[in-house]
Amino acid sequence: MRFVYFFGNGFAEGNGSMKDILGGKGAGLAEMALAKIPVPHGFTISAEVCDYYYKNNKTYPPSLKEEVEYNLKRLETTTGKKFGDKQNPLLVSVRSGAKISMPGMMDTILNLGLNDETVIALAKSTNNERFALDSYRRFIQMFGDVALGIDKELFEDKIKEIKKKEKRKFDHEISIEGLRWLIDEYKKIYSAQNKSFPQEPYRQLWIAIDAVFNSWMNKRAIDYRRINKIKESDLLGTAVSVVSMVFGNMGDDSGTGVAFTRDPSTGEKRRFGEFLVNAQGEDVVAGIRTPYPLDYLKQISQEAYDELLKIFDILESHYKDMQDVEFTVERKKLYMLQTRSAKRTAKAAVKVAKDMVEEGLITKQEALSRVSTDQIDQLLHPYFDEKAKAQAKLIAKGLGASPGAACGKVVFSAQKAEEIGSKESVILVRHETSAEDVAGMAASSGILTAQGGRTSHAAVVARGMGKSAVVGCEDIVIDYNNLQFSTNGTVVKEFDTISIDGSTGEVFLGEIKTLIPTGLDKDLAQILQWADEVSKLYVRANADTPQDAKVALEFGAKGIGLCRTEHMFFAPDRINIVREMIVAKDTQSRQKALDKLLPMQKEDFKALFKTMQGLEVTIRLIDPPLHEFLPQTDDAIQEVAKSLNISVDELKSTVKSLHEFNPMLGHRGCRLTITYPEIAIMQTKAIILAALELKAEGIECFPEIMIPLVGIDEELKYLKNIIKQTVDDLMKQSNILLKYLVGTMIEIPRACAVADQIAKEADFFSFGTNDLTQMTFGFSRDDAGKFLFDYLAKGILKEDPFKTIDTQGVGALMKIAVEKGKNANKNLRLGICGEHGGDPESIEFVHSIGLDYVSCSPYRVPVARLACAQAAI
Ligand code: ADP
Ligand code: MG
Ligand code: MG
């Protein structure tokens with residue numbers, strides 16, 4: 001079996017499709033080599049070795065040693081250098097990389113092969129002593145940190161010390177003597193920890209390879225996989241790439257950079273990147289100095305710059321996706337070190353997907369799978385109210401690195417953020433972030449760093465998570481010891497509230513009112529139009545008011561799937577009339593109250609129909625138990641009794657008589673209108689009169705009357721007859737014909753079992769999955785929070801069934817209802833209006849059982865539209 005794959009100039013044993021075993025990095029290097037893009041030569045040890053390593057008590061396949069050594073020899077031949085040589089030493093980097101990119105999660109070691117002798121050779125052969133020493137001290141530091149677990153702060157402290165002594169601001173200004181001193185001090189750090197720095201290059205190599213494989217199971221990597229829902233079983237592990245070194249720290253004609261083929265914040269087709277002169281490796285990402293924009297490369301070498309742009313085009317047409325690359329320039333010569341499909345903001349994902357279809361790079365279907373429903377959701381996230389923002393106190397400004405508005409309490413450690421982030425909104429404030437902070441970042445609402453550019457760790461991770469981030473905010477001075485930061489005159493303490501704007505980079509004191517976006521931008525509208533073209537399901541909204549309906553329409557809803565009429569009953573001018581109806585002693589006085597309600601409800605429906613312009617509008621008849629409309633406290637009872645002109649005792653006894661031990665299973669839904677058919681009649685009149693009046697004005701309406709909580713076909717039969725009779729009378733009187741439907745919610749398990757009987761009476765079924773879940777599990781919706789948490793934590797349930805449909809139980813009942821319903825009534829229309837109607841996983845399920853539409857809250861409509869398309873492709 002083969003474990004090692006070589007790559008070099010225009011040649012490679014692996015290729016880009018072998019991410020499973022070469023990791024994203026190794027596969028990218030092989031693919032670039034094949035495409036004749038300049039990469040340093042090297043070889044990749046397969047991720048199968050990682051798998052073997054963990055399955056065999058941290059040992060390697062017996063043939064590995066020989067294979068690695070053989071490939072190292074090949075590397076010596078193609079580079080013309082020798083590992084450990086005292087004239088022309090070969091140096092390598094040892095790099096990690098799994099199939100799925102986990103930026104910064106695992107460890108890389110650079111300049112391996114240096115020791116007290118090869119460093120002298122390197123200085124001589126390059127004629128650059130400073131460079132050789134700088135490379136050596138970096139290697140000792142990285143090797144100590146990554147391979148031997150020595151705290152990197154110990155090394156950093158020494159750098160600070162020498163910079164202070166030499167009065168230098170930056171690492172690359174440290175003198176030759178200073179570097180010598182550092183190397184000595186670094187070695188002392190090793191001895192102080194009873195560790196030794198191995199001089200022998202082969203030993204260095206194997207210790208480094210061990211370290212990379214071990215890093216697969218470090219806390220950072222495990223956290224990252226958990227947060228990003230990456231299943232361990234989907235991955236073999238990490239591969240290890242051993243790559244000959246090219247040097248960005250050789251002087252002012254060298255440097256290192258990262259770049260994106262398009263703007264990762266906006267998706268615009270413009271090159272975007274950052275470049276550091278005379279620097280190596282992680283310097284850009286770690287935010288050690290504030291980097292130059294990509295254009296600066298021109299000043300070092302116009303040729304290298306032009307070549308880089310050409311490579312961008314090759315990579316994009318090759319991978320058919322926006323790329324994120326790492327490169328190094330060694331004495332004006334460009335080398336590519338990594339390419340991968342770029343992390344991007346939700347906005348950029350949408351724009352890039354749409355643009356690439358228009359550029360002919362990808363198909364519409366591919367575009368739809370390039371955007372995730374989570375990203376759509378992010379696009380509908382809050383932004384600051386401009387007026388409130390104008391009045392807020394701006395205290396600092398950094399780089400807007402990940403768009404979106406966030407407010408929260410300041411915390412200064414990832415740990416604190418993890419502790420309290422689930423309970424309240426926090427903003428994590430750090431000098432810079434690193435891989436250890438990822439779990440804390442996930443728990444924060446926003447991230448603010450004092451250092452680093454738009455490609456720094458904080459920026460990249462925040463964009464991936466869709467969190468607002470402001471980075472490189474050099475205005476703020478953080479004091480970790482006293483848990484505070486200050487900006488020209490303002491001191492902000494731990495738990496003080498700040499607001500950050502990840503689009504503009506602004507930082508404000510206090511909380512700023514935030515708004516949620518309305519409408520869709522052009523790019524998103526286009527993507528969602530393509531989504532609608534391939535979807536089998538269509539999307540309606542749950543909307544009670546014309547305002548809700550307007551938002552829903554702007555987001556592309558094709559109708560209303562649920563209008564809850566009782567919400568209209570709670571309006572201040574109506575609640576007393578509703579109460580009058582409830583306390584009525586006889587049908588006559590109840591009718592009097594209903595007569596007052598009728599014109600009000602009619603006007604509501606008219607406004608709603610008018611907004612929806614002939615689209616389907618499903619209106620549910622009264623659903624909640626009546627006691628919900630009555631006052632409960634003594635004070636409130638007194639007040640209401642007065643306004644209803646009845647005695648307190650009388651009202652009290654009504655309230656008492658309406659008390660139910662289990663109201664969710666009590667006198668509600670169709671049970672109410674069976675007791676009081678006059679309520680159903682009034683609501684039907686309001687709906688139909690509204691439609692008829694509008695139709696007379698030339699405005700089309702399509703009402704669908706929905707009866708809740710049906711579990712027995714006779715319930716539906718009884719109410720449907722009353723409704724039909726009422727409608728027929730009204731149509732006769734007005735002499736106008738109206739298209740309308742009468743249907744039912746399916747939310748009681750029994751209704752699923754007898755769906756064939758019910759379907760004979762129904763024009764449509766709308767699954768009320770909130771109640772259906774509650775009754776199928778026997779979990780009270782209002783109390784389940786108390787124990788569901790334990791169920792999830794103990795793995796008894798994998799998913800909250802109120803969020804994602806329980807396909808095995810609730811879903812099985814739905815399937816029965818669909819089959820029986822369709823068999824009995826082939827014109828039966830099928831939809832879902834529970835919370836699950838906006839949940840992508842649930843949408844995939846209802847697509848599979850053949851519903852016609854989903855209905856969800858207006859702000860979920862765009863998410864649902866994409867989910868419907870993704871379910872279909
Ligand atoms: P990560 O997965 O954290 O991006 P990499 O393996 O890509 O880690 O290494 C980090 C950085 O180190 C790279 O961006 C590159 O700048 C530098 N680097 C890695 N290998 C080499 C090499 N052979 N020559 C020069 N620089 C290298
Ligand atoms: Mg790294
Ligand atoms: Mg990298």
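Me: Which residues does UniProt list for "active site"?
Reply: The UniProt record, an unreviewed entry, lists His457 and Cys833 under "active site". Bear in mind that the model here is a predicted one.

Me: Where is His457 found?
Reply: His457 sits in helix H19, which covers residues 457–465.

Me: Buried or exposed?
Reply: His457 is buried, because 24 other C-beta atoms lie within 10 Å and 20 or more is the cut-off for that label.

Me: And where is the place of Cys833?
Reply: Cys833 is in a loop, the one between strand S33 (829–832) and H35.

Me: What is Cys833 in contact with, leaving aside neighbours within four places in sequence?
Reply: Its contacts are Asn542, Gly561, Leu562, Ser766, Gly768 and Ser855. One of these, Gly768, is also in the UniProt list for "binding site".

Me: Which residues does UniProt list for "binding site"?
Reply: The record, again an unreviewed entry, gives Arg564, Arg620, Glu747, Gly768, Thr769, Asn770 and Asp771.

Me: Take Arg564. Where does it lie?
Reply: Arg564 lies in strand S28, residues 559–564. It counts as partly exposed, because it has 18 C-beta neighbours inside 10 Å.

Me: What is Arg564 in contact with, leaving aside neighbours within four places in sequence?
Reply: Arg564 is in contact with Asp544, Arg620 and Asp623.

Me: Is the crossing of H35 and H36 left-handed or right-handed?
Reply: H35 passes H36 in a right-handed crossing.

Me: Which residues make the contact?
Reply: From H35 there are Pro840, Ile843, Glu844 and His847. H36 supplies Val863, Ala864, Ala867, Cys868, Ala871 and Ala872.

Me: How many of them are nonpolar, polar or charged?
Reply: Eight residues of the contact of H35 with H36 are nonpolar, one is polar and one is charged.

Me: New topic, the other end of the chain. Which residues of helix H2 are buried?
Reply: In H2, residues 47–55, the buried ones are Ala47, Val49, Cys50, Tyr52 and Tyr53.

Me: What do the buried residues of H2 pack against?
Reply: They pack against helices H1 (19–34), H3 (64–79) and H8 (201–215). They also pack against strands S3 (42–45), S6 (92–98) and S8 (238–244).

Me: What follows H2?
Reply: H2 is followed by Asn57, which has a positive phi, near 55°.

Me: Which residues does UniProt list for the AMP/ATP-binding domain?
Reply: Under "domain: Pyruvate phosphate dikinase AMP/ATP-binding", the unreviewed entry lists residues 20–58, 64–291 and 299–359.

Me: How much helix and strand is in residues 20–58?
Reply: Residues 20–58 are 62% helix and 10% strand, and their end C-alpha atoms lie 20 Å apart. Residues 299–359 are 54% helix and 28% strand, with end C-alpha atoms 31 Å apart.

Me: What percentage of the residues in the protein is buried?
Reply: Buried residues make up 52% of the 873.

Me: Among contacts between residues at least 6 apart in sequence, what share join residues at least 24 apart?
Reply: In this protein, 68% of those contacts do.

Note on methods: Residues numbered from 1 in each chain as written. Chains lettered and ligands numbered in written order. Predicted model: local features only at pLDDT ≥ 70, side-chain atom pairs only at ≥ 80, totals over all residues. Left-handed = near helix turned anticlockwise from the far one by under 90°. Helix = DSSP H or I, 4+ residues; strand = E, 2+ residues; numbered from the N terminus. Contact = placed C-beta atoms within 7 Å. Nonpolar A, V, L, I, M, F, W, Y, C, P; charged D, E, K, R; others polar. UniProt positions renumbered as here; feature names shortened; annotations may be inferred. Buried ≥ 20, exposed ≤ 12 C-beta atoms within 10 Å, placed from the backbone.
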